[in-house]
Amino acid sequence: MSFRQVQVSGFPAIALRSAELEAVVVPGLGMKLTNLRRLRGREWLWRNDQLPLSVAVPGASYVETADSGGWDECFPTVAPCAAPGAPDAPLLPDHGELWSAPWDSAVADTAGGTTLTGTVLGSRYPYEFQRQLSLDATEPVLRVRYRLRHLGGESFPWIWSSHPLLNIQPGSVLELPGVRRVRVDAAHGRPDVRHGDTLDWPREITGAQDGLVFGDAAGAPWAMKLFADIGPTGRAIVTDPRRGERLEFRMDPVLVPQIGVWINCGGWAPAGLTPYYNLALEPCIGAPDRLDQAVYEWRTAQLLEPDEERLWGFDVWLPGDADQEDGLR
């Protein structure tokens with residue numbers, strides 16, 4: 001059997017394992033992934049040593065209570081905001097409502113690999129959201145598949161973002177093949193950059209001409225949330241040259257058209273905490289993080305009609321040196 005029950009910080013969890021990879025999920029914490037790695041490789045998911053895993057509270061601030069690291073899902077918004085068309089209703093919650101909602105889960109072995117399915121019902125809007133995580137039986141790949149179904153009688157706007165926080169080190173390299181321009185959602189420690197600015201990637205971020213190389217955490221602190229159309233290659237790559245490992249997102253740009261990039265070089269943390277050093281690389285549908293801005297300003301939000309079903313997904317590759325020699329890159 002290629003899955004087993006484990007514990008993460010005292011919470012029941014499920015560890016999926018293939019011949020190449022291991023992924024660990026805590027169903028009771030919004031189906032949060034806490035670990036993703038090659039069996040003898042580096043851990044790719046960042047863990048916040050200042051904010052431990054804790055029971056999720058619906059409606060609470062995500063950044064103050066649940067920014068513990070790992071990989072969450074954000075829907076129907078990322079940043080808290082007024083619901084479009086309902087300005088007098090309560091704000092849509094910080095990082096959406098999935099991270100604090102109760103999910104149903106089931107795990108199974110199939111001929112193609114091991115699959116963990118999580119399903120959750122919406123609170124503010126009538127929907128069913130499902131995510132399947134599958135470790136391929138033979139390849140070093142995590143396949144992530146989503147299904148969204150409308151369960152009510154009125155259409156509603158939405159955006160979705162995966163939210164994997166990655167463990168990066170000085171010298172790590174971020175590449176977005178085919179991306180030439182990015183749009184700024186938020187910036188900290190960068191007075192030269194404002195919300196809505198469009199910048200050359202990565203030259204106007206760090207001065208580099210190709211990939212963005214992360215500097216020493218002791219350098220000048222800054223943080224920035226950026227969005228880009230993923231482009232025809234549908235790829236986003238993080239490389240750790242010290243370990244000879246990389247993580248690569250591969251997506252269909254028709255189904256997953258945007259990529260969110262949160263770069264935090266010691267430039268941001270909630271009040272009372274030491275600023276972080278991490279990276280969020282986020283395949284997403286719609287931008288920026290606030291649903292109301294995605295509807296009225298950037299005009300990238302989606303509309304889910306009654307009885308409509310949407311399907312999308314992407315793959316996460318964690319090739320090793322032998323895989324690179326075989327030309328997977």
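**A walk through the predicted model**

R131 touches V25, M31, L33, W71, E73, W103, L116, T117, G118, V144, R145 and Y146, leaving aside residues up to four places away in sequence. This is a predicted model. R131 sits in strand β8, which covers residues 127-136. Its relative accessible area is 2%. Buried means under 20%, so R131 counts as buried.

Strands of a sheet pair through backbone hydrogen bonds, either parallel or antiparallel. Here the pairing is antiparallel, in an open sheet of 9 strands. Their order is β6-β7-β8-β9-β22-β18-β17-β12-β15. In that order, β8 stands between β7 and β9. Which strands form the edges? They are β6, residues 104-110, and β15, residues 212-213. Each of these two pairs on one side only.

Now take one pairing in detail. Strand β12 spans residues 173-175, and strand β17 spans residues 235-240. The two pair in the antiparallel sense over 3 bridges. E175 stands opposite I237 in β17.

Next come the open spaces. The largest pocket has a volume of about 440 Å³. It is lined by 21 residues. The closest to its centre are V63, H95, W262, W268 and D289. Which elements supply at least two residues each to this lining? They are α1 (62-65), β11 (160-166), β13 (181-188) and β20 (277-285). The largest share comes from β13, with 3 residues. By class, the lining of the largest pocket holds 11 nonpolar, 4 polar and 6 charged residues.

A search of the whole structure finds 1 cavity of 30 Å³ or more. The largest cavity has a volume of about 80 Å³. Its lining consists of L29, K32, P52, L53, S54, A56, Y62, T65, A66, S68, D72 and W99. These divide into 7 nonpolar, 3 polar and 2 charged residues. Helix α1, residues 62-65, supplies at least two residues to the lining of the largest pocket. Y62 and T65, for their part, are among the residues that line the largest cavity.

A cis peptide bond joins W201 and P202, with omega about -10 degrees. P202 is found in the loop between β14 (198-200) and α2 (203-206). The peptide bond from A287 to P288 is cis as well, with omega near 0 degrees. P288 has its place in the loop between β20 and α3 (291-296). Strand β20 is also one of the elements that supply the lining of the largest pocket.

Two residues other than glycine have positive phi. For R299, phi is near 55 degrees. R299 lies in the loop between α3 and β21 (302-304). D307 belongs to the loop between β21 and β22 (309-317). At 71% relative accessibility, D307 counts as exposed. Strand β22, at the end of that loop, brings us back to the sheet, where β22 stands between β9 and β18.

Methods
Residues are numbered from 1 along each chain as its sequence is written. This is a predicted model: local features need pLDDT of at least 70, side-chain atom pairs count only at pLDDT 80 or more; totals for chains, interfaces and linings use all residues. Side-chain values use heavy atoms; hydrogens and water are left out. On a 1 Å grid over the protein atoms alone, a cavity is a set of points where a 1.4 Å probe fits but cannot get out, and a pocket is an open set with protein on both sides within 12 Å along at least five of seven lines; lining residues have an atom within 4 Å of a point. Grid points are joined across faces, edges and corners, and a volume is the space filled by probe spheres set on the points. Helices (H or I, at least four residues) and strands (E, at least two) are DSSP runs, numbered from the N terminus. Ala, Val, Leu, Ile, Met, Phe, Trp, Tyr, Cys and Pro count as nonpolar, Asp, Glu, Lys and Arg as charged, and the others, Gly among them, as polar. Buried means under 20% relative accessible area, exposed over 50%, partly exposed in between (1.4 Å probe, protein chains only). Contact means heavy atoms within 4.5 Å. Two strands pair if DSSP finds at least two bridges between them.
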